[in-house]
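This report describes the pockets and the metal site of one protein structure. The structure is shown first, and the description follows.

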Amino acid sequence: MADQLIRATAAEGGIRAVGVITTRLTEEARRRHKLSYVATAALGRTMSAGLLLASSMKREGSRVNIRINGDGPLGGILVDAGLDGTVRGYVDNPSVELPPNARGKLDVGGAVGRDGYLYVVRDVGYGYPYSSTVELVSGEIGDDIANYLVTSEQTPSALVVGVFVEANGVTASGGILIQVLPKAARDEALVQTLESRVAKLAGFTPLLQSGKALPEIFEQLLGDMSLVILPEIQMVRFHCGCSFDRVLGALKMLGEAELQDMIEKDDGAEATCHFCGEVYQASSDHLAQLIQDLQAESVG
Ligand code: ZN
């Protein structure tokens with residue numbers, strides 16, 4: 001099934017549900033960054049969570065940045081996801097591998113670390129972005145994001161994310177988020193309904209692994225609570241806005257002396273985009289042109 005995001009409501013509109021399938025885009029991230037198994041799971045979970053968080057924003061162009069800084073060997077994770085369904089991200093140490101945890105699962109919590117912080121920045125495209133920080137709960141990412149939603153955004157929420165990866169790549173990746181809507185957040189019965197669902201939501205990852213489509217997963221997990229699946233299917237994909245022009249722009253900011261030095265010592269410059277792993281080569285001719293531009297600007 002193609003990567004996609006589907007929205008639904010439940011409990012007569014008091015509960016919002018969003019599901020996302022990110023199998024292909026997680027596989028693309030795995031290949032671009034040469035991620036280990038556990039790094040694939042950590043980044044895939046965070047990218048799914050980013051898309052789920054971005055899906056509730058209203059204004060076109062809105063984006064969510066998630067940064068996870070734990071004390072584990074993976075280092076930091078950074079993900080940038082948009083309401084438009086694009087996402088990109090990276091981990092500091094993509095080759096770190098750990099033995100499976102006590103439950104025989106990829107040890108994401110051990111790789112991320114259980115002590116540290118989760119930072120979420122919501123940017124609606126103008127004014128100051130809204131940012132917030134919480135301590136990590138387990139480093140397993142799903143719990144950490146759910147805890148952020150409850151403590152920082154004060155929205156009763158349940159979130160499950162999962163990634164399955166085998167020797168030849170990612171076989172399934174995705175997530176599901178259910179939230180009591182802000183207007184109904186004081187409705188105790190609704191909050192209890194949500195809490196009673198948390199255990200059932202654990203059934204998400206087996207359904208995901210078995211290749212079930214999102215509407216079917218929604219039906220199985222929420223079908224008994226007046227579920228309404230919205231007809232619009234949003235495609236989601238790995239996308240990075242970097243370009244050769246942007247790399248040249250960044251090189252130009254280094255200034256004339258530094259550029260001259262790169263021409264003489266390295267016969268050019270190589271830059272790698274952190275977010276997508278794309279490698280850009282600027283030749284000495286490109287750098288000489290930047291110097292000319294700088295000189296023309298300082299005269300003008
Ligand atoms: Zn890039």
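## Second largest pocket

The second largest pocket holds about 290 Å³ of space. A pocket here is an open set of points on a 1 Å grid over the protein atoms alone, where a 1.4 Å probe fits, with protein on both sides within 12 Å along at least five of seven lines; lining residues have an atom within 4 Å of a point. A volume is the space filled by probe spheres set on the points, which are joined across faces, edges and corners. Of the 17 residues in the lining of the second largest pocket, S56, K58, E153, Q179 and P182 are the closest to its centre. Two or more lining residues come from each of α2 and β9 (169-180), and β9 gives the largest share, three residues.

By class, this lining comprises nine nonpolar, three polar and five charged residues. Ala, Val, Leu, Ile, Met, Phe, Trp, Tyr, Cys and Pro count as nonpolar, Asp, Glu, Lys and Arg as charged, and the others, Gly among them, as polar.

## Basis of the model

The model is predicted: local features need pLDDT of at least 70 and side-chain atom pairs count only at pLDDT 80 or more, whereas totals for chains, interfaces and linings use all residues. Residues are numbered from 1 along each chain as its sequence is written, and side-chain values use heavy atoms, with hydrogens and water left out.

## Largest pocket

The largest pocket has a volume of about 720 Å³. It is lined by 28 residues, of which R45, R103, K105, V161 and T205 are the closest to its centre. The elements that contribute two or more residues are α2 (37-54), α4 (142-151), β8 (157-166), α5 (188-201) and α6 (204-209); helices (H or I, at least four residues) and strands (E, at least two) are DSSP runs, numbered from the N terminus.

With ten residues, β8 gives the most to this lining. The lining divides into 14 nonpolar, eight polar and six charged residues.

## Zinc site

The SG atoms of C240, C242, C273 and C276 coordinate the zinc ion at 2.2 to 2.3 Å. Donors are N, O and S atoms within 2.8 Å of the metal (3.2 Å for Na, K and Ca). The site is tetrahedral, with angles of 101 to 116 degrees among its four donor atoms; four donors count as tetrahedral if all angles lie between 85 and 135 degrees.

The donor residues follow the spacing C-x1-C-x30-C-x2-C in sequence. C240 lies in the loop between β11 (237-238) and α8 (244-252) and C276 in the loop between β12 (268-272) and β13 (279-283), so the pair ties together parts that are 36 residues apart in sequence. C240 counts as buried at 14% relative accessibility, and C276 counts as buried at 3%; buried means under 20% relative accessible area (1.4 Å probe, protein chains only).

Terms used:
Four donors count as tetrahedral if all angles lie between 85 and 135 degrees; four count as square planar and six as octahedral if opposite donors are over 155 degrees apart and all others between 65 and 115; anything else is irregular. Buried means under 20% relative accessible area, exposed over 50%, partly exposed in between (1.4 Å probe, protein chains only).
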